[in-house]
Amino acid sequence: MRASTDRISALGRMPAPDLAALLSRVPDLASQLGLTDVSGGATSDVGLTDLGILLASPRGILSVIRSLNRLERQLLIMAALHDGAVSREQVIAEAPDTPELDHAASALALLTLAYPADSEGAWLVLRPGVTRHVPLPGIRIYSALANLASADLDMLLQRLGAIDIPYRHEDRRRLVGRLLRQPDVARDLHESLEPEAARIIDLLVEHGDQRIADLGLPPFDPWDRRGGPLHQLVQSGMAGVDLNKQRAFSWLDLRIGLRGSLFDDWPTGPPAVRPEPLQDTGAATPSVLRRLHQLLELWGKEPAAALASGGIGVRVMRGTAKAFGMDVGAVGMLVSLAIDLGLLGQTEEADAWGPTAAAATLDQETTGTQWAQLVAAWQHATTIDERAGLPTRWNGDAVWPAQDANRAAVLRVLTSLDPGVGVPPEVLGELCAWHYPESLGVEGATAMVQALRLLGLVPAAGPVGLTTLGRTLLTSGPTQVDRQLGIAAEHVIVQADHSVVAPPNLAPGIARQLASVAVLESEAGAQIWRITSERIAEAMAAGRSRDELVTFLTETSQVPVPPNVVVTIDDAAARHGRLRAGVVGSYLRCEDPVDMTGAAAVSGAKLRVLSPTVAVSPLSREKLIGALRARGLLAVAEDGDGLTIPPRRVVTEPLEWVDQPDLDLVHTPDGLAIAERLLASSSSTAASSTARPISPPDAR
């Protein structure tokens, strides 16, 4: 209760620009309270009291901590290690004395994690409820001593050289930690150890916790009177043991004392970067949408075979990737997003994957909306973990921990870069590690670059930075994307060298049809396609005639189609159909020819009799059985060995196509507008009752 009142009081005294900065710095707060709608406005039924309660809750505190940069995070950890209050002198004892330290302390106060510095020397004091949620880089001895008897605690303090032993048990435990953090005390303890105990503590300090067996020691028994090197470390307050897991570790306090500092280094600011110009295609329709439509069209004609478990295997992904000329991981990610959006689903027999009813209405959505849905599906995807590479299969298993917060962090870092410039992938990783050390490291950020390139948010090659269209999507939303794209172009230029020049905003439908007869060679600015005999043959194999292809090129090209291009189509048409192949989907066998005669009379079964007791059908086994049973013929399924198997019917309902994108960074909240509405919605009575200052506790 005190923590909530404290936060409400702080918000009541906060100017609108500071409140706006808080909401902009931690956008999770606005989304958790429903403060923003699709237009970026604030709801009228949420006030400062609700925001204050959230900021005091574990969920709110953790959201704020995740928004801290590396320097702010280290400063917060140091304050928590000193029981919630640290002076500037204590910090600069190991950190560089720079103005950035004061800026970081002010940021912690702005984010309501700490009190503002006052003139009485309280430089950084954490607010109630914060200390317990700070992620310390180790285990403090303070909590482990809670159940230690007072007499044993006194003996430990005497071994550490304590002179004035406090009366309260809690203060004694704090004193143990402070003594261990003193370099002279830690060194004296280390020098008093036997060689084997010194070897063990050096390993624990340098490499973290270890299995006791890996240390070359027998299982640890605290009641073993024979003792040993690990017992010596535990009794001297230098190490602890997890009895259940049989793992030994050094206390964080001791590590600080032996190393002489809490952190190996203290950064003074973000890494220096040299932005490079982007290879931006301008207002070009994202190629990922064309790939999505190609995928739906391909699997619509020939559904992808499902695994026995219901997933999609590597072989199917590789075949699709080869047909598209894409990386198999890119196809796997596109398939995963299409499934999440309900555009792909299993057939009734659960033996294949194909487009759902929602896919048929996809073209009714604008280009901006389709793209925003794909980006939103990626940001919230639970089956993709870019740290392990893009998926090469799909089994529906959720990834833990979920990567949505990390993806949002990368997008925010990209949004902070100046328009039109980018940085190398490794530099992007360093920036993310600085701005969001709680969520991302260098590897975690660079692993997402491949997904960003596939989605078209960053260029397909070169420096990593938001494209013009990508920045528009993340800051203004899909409607503005459609305005920037303008009216989609529906005409191309077919040239005598079989190349096709298309504008960057080529309509997705035209691009889809063009992809059936040509290969995309370049999309840096204008799109360059190349008509090939292989593509024409594939289009004819898919059911398109020679006249259809010539008519499409004639109606789409702004100039007459060169005669040699028509000759290429005619040559492919002349070769088409010379070789023929058929498919048998299932067979039917029986003992009595009379039964076969009755089954062959069922037109829906599409049976072709090969012998009096054997017939074949292009239908799948389940569909054949269904057609016969509809006419009263009770056929059963059998496996390759002739054993009867029960039918398996699983139906996956397609998800509804969402009308409004739910993308965290689409329509970036206007922090100042929301802050002014929140302050205006709080009545003067409420403000006067909650704005009474709460004095911070004295700095220890």
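## Basis of the model

Residues are numbered from 1 along each chain as its sequence is written, and side-chain values use heavy atoms, with hydrogens and water left out. The model is predicted: local features need pLDDT of at least 70, side-chain atom pairs count only at pLDDT 80 or more, and totals for chains, interfaces and linings use all residues.

## Overall make-up

The protein chain holds 34 helices and 19 strands. These elements are DSSP runs numbered from the N terminus, with helices (H or I) of at least four residues and strands (E) of at least two. Of the 700 residues in the chain, 47% are buried; buried stands for under 20% relative accessible area, exposed for over 50%, and partly exposed for values in between (1.4 Å probe, protein chains only).

The chain exposes about 33,800 Å², and carbon and sulfur atoms supply 53% of that area. Accessible areas come from the Shrake-Rupley method with a 1.4 Å probe, and for residues only the protein chains shown count as cover. Among contacts with a separation of 6 or more, 66% join residues 24 or more positions apart, a contact being heavy atoms within 4.5 Å.

## Cavities

Two cavities of 30 Å³ or more are counted. On a 1 Å grid over the protein atoms alone, a cavity is a set of points where a 1.4 Å probe fits but cannot get out, whereas a pocket is an open set with protein on both sides within 12 Å along at least five of seven lines; lining residues have an atom within 4 Å of a point. Grid points are joined across faces, edges and corners, and a volume is the space filled by probe spheres set on the points.

Helix 16 (287-301) and helix 27 (508-515) are the elements that give two or more residues to its lining, and helix 16 provides the largest share, three residues. The lining includes Thr-285, Pro-286, Ser-287, Arg-290, Pro-508 and Glu-523. By class it has five nonpolar, three polar and two charged residues; Ala, Val, Leu, Ile, Met, Phe, Trp, Tyr, Cys and Pro count as nonpolar, Asp, Glu, Lys and Arg as charged, and the others, Gly among them, as polar. The second largest cavity holds about 40 Å³. Its lining, which includes Leu-71, Ala-95, Glu-100, Trp-266 and Pro-267, has six nonpolar, two polar and one charged residues.

The largest pocket has a volume of about 1,000 Å³. Of its 33 lining residues, Leu-298, Trp-299, Lys-301, Glu-302 and Pro-303 lie nearest the centre. Two or more residues of this lining come from each of helix 16, strand 7 (304-305), helix 17 (314-324), helix 27 and helix 28 (533-541). The lining divides into 16 nonpolar, seven polar and 10 charged residues.

The second largest pocket has a volume of about 850 Å³. It is lined by 43 residues, and the closest to its centre are Ser-287, Arg-290, Arg-453, Ala-460 and Glu-523. At least two lining residues come from each of helix 16, helix 17, helix 24 (449-455), strand 13 (518-522) and strand 14 (527-531). By class, this lining has 22 nonpolar, 13 polar and eight charged residues.

## Aromatic pairs

The whole structure contains three aromatic pairs. Rings of Phe, Tyr and Trp (its six-membered ring) pair if their centres lie within 6.5 Å; planes under 30 degrees apart count as stacked, over 60 as edge-to-face and the rest as tilted.

One of the pairs joins Phe-249 and Trp-251 edge-to-face, at 5.1 Å centre to centre and 90 degrees between the planes. Phe-249 is buried at 15% relative accessibility, and Trp-251 is buried at 8%. Phe-263 and Trp-266 also form an edge-to-face pair, at 5.5 Å centre to centre and 85 degrees between the planes. Phe-263 is buried with a relative accessible area of 13%, and Trp-266 is buried at 7%. Trp-266 also lines the second largest cavity.

## Surroundings of Arg-25

Arg-25 belongs to helix 2 (residues 16-25) and is partly exposed, at 28% relative accessibility. Apart from its neighbours within four places in sequence, Arg-25 contacts Ser-67, Leu-68, Asn-69, Glu-72, Ala-107 and Leu-111. Arg-25 and Leu-111 are 86 residues apart along the chain, and their C-alpha atoms are separated by 8.3 Å.
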